[in-house]
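Trainee: Could we go through this structure together, one question at a time?

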Amino acid sequence: MRIVVVGLGAAGLAAVEEARKTAPAARITAISNEPHPAYYRPQLSHRLVTGADPQSLLIRKPEWYAQNRVELRLGTAVIRLLVDEKRVELAGGESAAYDACVLAMGSSSFLPPVRGRELRGVFTLRNITDALGVRETLSSATKPVIIGGGPLGLEAAWAIASAGKGVTVLERGDRLLKRQIDEEGSRFLHDLLGRAGISVVYGADTGEITGAGRVEGVSLKDSRVIEADFVLFSAGVRPNTAVAKAAGLQVQGGVVVDDRMRTSAGSVYAAGDVAEWDGRVAGVMPVAVAQGKVAGANAAGGDITYVEPELSVVINILGFSIASVGEVGGGDFALGDPPAKDEYLKVFFKGETPVGAVSIGEARRVSALRQIVARGAGVTGARQLNSASEMLRIWSSSK
């Protein structure tokens, strides 16, 4: 049996691993347009100013692929998927035939169509090559600016600030992480960032990147001008669907898949950032891994159904974690802790059932919060408790 996996990020590697477990004798080929095998993409921003060797980011060492009889074709782009012929064509003129194919091409950074985005010193950060360019330019930058105050933008800002550089984050909205944390938590985070040398400009809708050959500033649509000699766009990602669309597969926001990660072409599966399941493209690593496992197993002859993992967002900045679990900001009432310098904790309830939580500070309590929300583990008399920490202690002692 011939299995071809297109893309070797988190979803692609999970598909390869699960296909090998399911079909020990299968011939597996993994094709990636990057020169490196699968690596921890979320760590790019943490490592961009540290001088880390790209090899230290690899999820599996190169010898693992040889030991597991996985043929690697790196630095090779798939330009065409021929569904009727069960074959993919590569940029160099070669092709690879398959009995089953897994599309795990991931996504690309979105670069808004603003004037000046082609200037030297303007970057996106999606792969190791991007990170190396960012690191080289940052070494001499004195006015770095991040466009986008989402999780990836804030992680990049912290990486820059940790190198002793002041950095400005441009956020289009009126507060930080509006989809992940509550309003009070956003204010708390804003103050933490300020103490770390990270300033945030709100209502910042980028109009133009200015400069003569090289970036010198960011002009906002409301006429404000932010000086800059380095600009990093962190404005979200877009699924890499061009090959699937040209092949006639059903594509909406991403490549549409069913509960077994099958696309509209029966022998082709999709997983990760490129896939749309239940009307959504999740775009987070736990989902990519879970979908990759299902796609790989089923491509190899298995029959397993995808179950979405409990979703939470954990950002590692400022020396600790910012975690968002479940439904944040809604419910009947919220139980929080008294404000502290570096700690923020709030749990949201429907009745006496916890449905969401925000934690800024200790990473150790995030696992407990996930369990509490996933199980809907109620605490009798929650409304009468003094703090969310007290609720955590009661829940832990009752286990």
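**Helix packing, salt bridges, sheet and loops**

Mentor: Helix 1 and helix 8 (residues 285–299) pack with their axes 7 Å apart, at an angle of about 35 degrees. The axes are lines fitted to C-alpha atoms, for helices over the stretch in contact, and angles run from 0 to 180 degrees between N-to-C directions. Helices (H or I, at least four residues) and strands (E, at least two) are DSSP runs, numbered from the N terminus. The model is predicted: local features need pLDDT of at least 70, side-chain atom pairs count only at pLDDT 80 or more, and totals for chains, interfaces and linings use all residues. Residues are numbered from 1 along each chain as its sequence is written, and side-chain values use heavy atoms, with hydrogens and water left out.

Trainee: With which residue does Lys 21 form a salt bridge?

Mentor: A salt bridge is a side-chain nitrogen of Lys or Arg within 4 Å of a carboxyl oxygen of Asp or Glu. For Lys 21, the closest N and O atoms of the pair are 3.9 Å apart. Both residues lie in helix 1 (residues 10–22), three residues apart, about one turn of the helix. The partner of Lys 21 is Glu 18.

Trainee: Is Glu 18 buried or exposed?

Mentor: Buried means under 20% relative accessible area, exposed over 50%, and partly exposed in between (1.4 Å probe, protein chains only). Lys 21 has a relative accessible area of 62% and is exposed. Glu 18 has a relative accessibility of 18%, so it counts as buried.

Trainee: How many residues apart in sequence are the parts that the pair of Asp 99 and Arg 2 ties together?

Mentor: The side chains of Asp 99 and Arg 2 meet in a salt bridge of 3.4 Å, N to O. Asp 99 lies in the loop between strand 6 (95–97) and strand 7 (100–103), whereas Arg 2 lies in strand 1 (residues 2–6), so the parts tied together are apart in sequence by 97 residues.

Trainee: Why is one side of strand 13 and of strand 15 left without a neighbour in the sheet?

Mentor: Three strands form an open sheet in the order 13-14-15, with antiparallel pairing; two strands pair if DSSP finds at least two bridges between them. Strand 13 (206–210) and strand 15 (225–227) stand at the edges, so one side of each lacks a neighbour because each has a single partner strand.

Trainee: What is the relative accessible area of Met 261?

Mentor: Met 261 has a positive phi of about 65 degrees although it is not a glycine. Its place is in the loop between strand 18 (255–257) and strand 19 (268–270). Met 261 is buried, and its relative accessible area is 0%.
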